[in-house]
Amino acid sequence: MSKYQSYFLVTLRIIIGWHLMYEGVSKLLTPGWTSAEFLNISKWIFAPLFHWVAETPAVLQVVDVLNIWGLIIIGFCLFVGLFSKAANIFGIVLLSLYYVANPPFVGLDFGVPTEGSYLIVNKILIEITALVVLLLFPTSKFIGFDKLIFKQKEELPKEWPLNSKTDRTKFEKEAPKTELAKVKRRELIKGLAGVPLMGAFGAALYNQVQWKSWEERNLVDAQTSASVKNFNAAALRDLKQEVPKTKIKDNTYSRLILGGNLLSGWAHSRDLMYVSQLVKAYHQKEKIFSTLLLAEKCGINTLLTNPILCSLITEYWKRGIGEIQFISDCAGLDYDGGKHATPFDKYLDRVKKAIDTGASACYIQGETADYYMENGRVDDLEKVIQYIEDRGVSVGIGAHRIETIKACVDHGFNPDFWMKTIHHHNYWSAGHSKWHDNMYCFNPEDTITYMESLPQPWIAFKVMAAGAIKPKEAFTYALKSGADLICAGMYDFQMVEDANIFCDIMNKGITRKREWMA
């Protein structure tokens with residue numbers, strides 16, 4: 001190799017070393033970092049092994065430690081040119097495991113959200129290839145610590161060739177001391193070339209840590225911000241058990257169902273008008289997919305959502321990310337400055353879309369049922385219910401007001417399940433006499449009493465009054481009130497904690513008057 005080729009390969013080695021070492025250090029400095037999520041989404045040939053590692057705490061802890069320190073040590077050795085051959089080999093092995101765990105193959109392309117989409121070749125494969133090149137063309141004996149440890153022939157002026165032991169002895173005897181000193185000094189400088197670069201790495205890392213520290217102190221709420229990287233939320237490895245399941249008609253549902261309002265960008269914001277926009281900005285497509293997958297890992301096998309998410313659910317299934325089922329809310333109201341009923345044909349189109357997508361059940365959304373019953377459109381409501389039943393799909397009726405449920409029963413409706421709001425009024429914004437974006441169960445005592453008489457399963461929703469009541473209090477109240485299942489909106493960083501809360505309540509036993517109907 002020419003001198004310039006050698007310098008280029010040394011630069012390549014240092015860059016890869018910098019990258020790997022930083023990856024390791026950043027993981028070391030991130031509280032609660034774990035490889036569990038990355039392993040859990042593995043889909044290829046060794047997926048069962050990776051899933052087993054992620055689900056076995058003792059093994060996962062060892063793997064995490066090896067991962068962090070493997071990256072740091074391999075990166076450091078490449079950076080300074082120390083034991084580079086071994087570092088190259090271990091680096092190739094480690095990166096190959098990353099690649100095999102989540103390769104960018106067609107149909108297996110879902111992973112931790114990345115900065116681009118890849119097809120077979122990704123940055124991991126490129127870095128593996130670069131390490132192979134460095135293994136075939138070693139550079140650490142040219143510039144690096146290995147040059148000092150594994151002493152090579154000194155670089156000499158052309159007039160002092162060293163082709164044999166005799167030449168070397170002759171050189172050491174005849175060369176001027178100043179010339180010999182220059183050569184040895186040059187060799188030492190090449191051997192220690194990585195040291196000042198290590199200083200640059202340390203300074204850059206220190207500056208970044210200081211910036212993050214300043215940002216956390218001044219720019220974000222470290223207790224509640226979803227964007228804080230070291231948010232102290234329960235990780236998947238803290239999941240105590242999967243959420244229990246039950247059956248409604250022919251389908252099995254988790255007793256805790258993921259509400260889809262947040263994923264579709266609809267958030268009850270009370271007086272904060274920007275909240276829905278903020279929720280939409282947070283829930284990009286890949287974030288929705290990772291939230292659904294996390295829900296499934298918690299045992300939450302059902303999403304309750306509007307047909308607006310049908311295309312995303314279809315993609316989620318087709319890409320093989322997960323198998324979560326969904327109940328469609330079949331909303332029949334449009335909001336354009338006021339409450340207006342959707343034309344009936346358009347409403348049926350929404351229901352058809354949900355069924356054609358593969359909804360496991362459909363229900364008449366609460367405000368829609370309230371509107372139809374209050375405005376004497378019982379016949380239209382009956383047509384929708386019959387339309388769903390004729391297609392062999394489970395059907396439910398929802399309501400915010402208990403009067404709607406009573407009217408449906410009086411008209412002889414016999415759905416497979418009811419959707420009814422339930423929450424107490426012991427929160428500060430519940431004091432309005434008229435409806436505001438603050439109350440969703442207007443008469444909880446009457447609701448509890450009347451729902452006791454109904455033989456169908458009851459899925460409770462709005463149990464936290466759109467974020468006004470804490471999960472433990474809300475779940476307990478709803479289950480004691482007679483609910484058989486609960487639908488709750490949850491962000492990804494709340495999922496494990498809420499699942500644990502729900503399971504703890506169920507495990508302690510619920511004292512309630514209403515029998516479990518599902």
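Is glutamate 374 buried or exposed? At 56% relative accessibility, glutamate 374 counts as exposed; here buried means under 20% relative accessible area, exposed over 50%, and partly exposed anything in between, with a 1.4 Å probe and protein chains only. Before going further, a word on the ground rules. This is a predicted model, where local features need pLDDT of at least 70 and side-chain atom pairs count only at pLDDT 80 or more, while totals for chains, interfaces and linings use all residues. Residues are numbered from 1 along each chain as its sequence is written, and side-chain values use heavy atoms, with hydrogens and water left out.

Let's start with the overall picture. The protein has 20 helices and twelve strands, taken as DSSP runs numbered from the N terminus (helices are H or I with at least four residues, strands are E with at least two). Of its 518 residues, 47% are buried. If you take the contacts (heavy atoms within 4.5 Å) with a separation of 6 or more, 72% of them are between residues 24 or more positions apart.

Now back to glutamate 374. Side chains of opposite charge can pair when their charged atoms come close. Glutamate 374 does this with arginine 401, in a salt bridge at 3.8 Å, N to O; the rule asks for a side-chain nitrogen of Lys or Arg within 4 Å of a carboxyl oxygen of Asp or Glu. Glutamate 374 sits in helix α15 and arginine 401 in the loop between β9 (394-399) and α17, so the bridge ties together parts 27 residues apart in sequence. Arginine 401 is partly exposed, at 31% relative accessibility.

By this rule the count comes to twelve salt bridges. One of them joins aspartate 504 and lysine 240, with the closest N and O atoms 3.0 Å apart. That pair links distant parts of the chain: aspartate 504 is in helix α20 (residues 495-508), lysine 240 is in the loop between α10 (194-218) and β1 (245-248), and 264 residues separate them. Aspartate 504 is partly exposed at 26%, whereas lysine 240 counts as exposed at 56%.

Then there's lysine 249, whose side chain meets that of aspartate 416 in a salt bridge (3.8 Å, N to O). Both partners are in loops, lysine 249 between β1 and β2 (251-254) and aspartate 416 between α17 (402-410) and β10 (417-421), so this pair ties together parts 167 residues apart in sequence. Lysine 249 is partly exposed, with a relative accessible area of 48%. Elsewhere, Asp484, Arg512 and Arg514 are linked in a network of salt bridges.

Glutamine 365 is buried, with a relative accessible area of 16%. Leaving aside neighbours within four places in sequence, glutamine 365 is in contact with Asp329, Cys330, Ala331 and Gly398.

On to the cysteines. A disulfide is a covalent bond between the sulfur atoms of two cysteines. With the cut-off set at cysteine sulfur atoms within 2.5 Å, the count comes to zero disulfides. Cysteine 362 is buried at 0% relative accessibility, and cysteine 487 is buried too, at 9%.

Leu28, Leu29, Val65, Trp69 and Ile73 make a nonpolar surface patch of about 470 Å². Patches are built from residues with over 30% relative accessible area and no salt bridge, joining like charges within 9 Å and nonpolar side chains (Val, Leu, Ile, Met, Phe, Trp, Tyr) within 5 Å. The largest share of this nonpolar patch, three residues, comes from α4. Leucine 29 lies in helix α1 and is partly exposed, at 49%. As for α4, its 24 residues reach 35 Å from first C-alpha to last, close to the 34 Å expected at 1.5 Å a residue, where the expected span is 1.5 Å times one less than the number of residues. Glycine 81 follows α4 and has a positive phi, near 75 degrees.

Technical notes. Accessible areas come from the Shrake-Rupley method with a 1.4 Å probe; for residues, only the protein chains shown count as cover.
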